[in-house]
Amino acid sequence: MNPNGSADGVAAVVSDDGRVLAMMPHPERCYRSWQLPWCPHSWKDGFEKSNHYTPWIKVFQNAAEWCLSAK
């Protein structure tokens with residue numbers, strides 16, 4: 001039941017300092033609602049046809065906050 005076919009079901013590789021080096025599936029492919037290939041029924045009230053951000057956007061918001069806070 002591993003859609004990406006990786007060994008042991010690995011979905012992300014992270015460096016020792018916590019930075020994400022690689023992820024599968026790629027979060028950038030569905031950060032807007034119209035890009036979603038599927039969404040839960042609870043989101044169906046026009047969400048998938050609109051241009052709202054999806055929960056995947058949090059990955060990029062967190063990265064931006066981390067970069068701006070690093071000194």
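This briefing walks through the main features of the structure shown above.

Please keep in mind that the model is predicted. The protein chain has 71 residues, and its elements are one helix and two strands. Starting at the N terminus, they come in the order β-β-α.

**Overall picture**

- Of the 71 residues in the protein chain, 15% count as buried.
- The protein chain exposes about 5900 Å², and 60% of that area is supplied by carbon and sulfur atoms.
- If you take the contacts between residues at least 6 apart in sequence, 22% of them join residues at least 24 apart.

**An aromatic pair to look for**

- The protein chain is found to hold one aromatic pair.
- Y31 and F60 make up this pair, which is edge-to-face, with 6.4 Å from centre to centre and 70 degrees between the planes.
- Y31 sits in the loop between strand 2 (20-23) and helix 1 (57-69), while F60 belongs to helix 1, so the pair ties together parts that lie 29 residues apart in sequence.
- Y31 is partly exposed, and its relative accessible area is 32%.
- F60 is also partly exposed, with a relative accessible area of 33%.

**A charge over a ring**

- You can find R32 over the face of Y53, at 4.1 Å from the ring centre.

**Where to start looking**

Definitions and conventions:
Residues are numbered from 1 along each chain as its sequence is written. This is a predicted model: local features need pLDDT of at least 70, side-chain atom pairs count only at pLDDT 80 or more; totals for chains, interfaces and linings use all residues. Side-chain values use heavy atoms; hydrogens and water are left out. Helices (H or I, at least four residues) and strands (E, at least two) are DSSP runs, numbered from the N terminus. Buried means under 20% relative accessible area, exposed over 50%, partly exposed in between (1.4 Å probe, protein chains only). Contact means heavy atoms within 4.5 Å. Accessible areas come from the Shrake-Rupley method with a 1.4 Å probe; for residues, only the protein chains shown count as cover. Rings of Phe, Tyr and Trp (its six-membered ring) pair if their centres lie within 6.5 Å; planes under 30 degrees apart count as stacked, over 60 as edge-to-face and the rest as tilted. A charge sits over a ring if NZ of Lys or CZ of Arg is within 6 Å of the ring centre and within 35 degrees of the ring normal.
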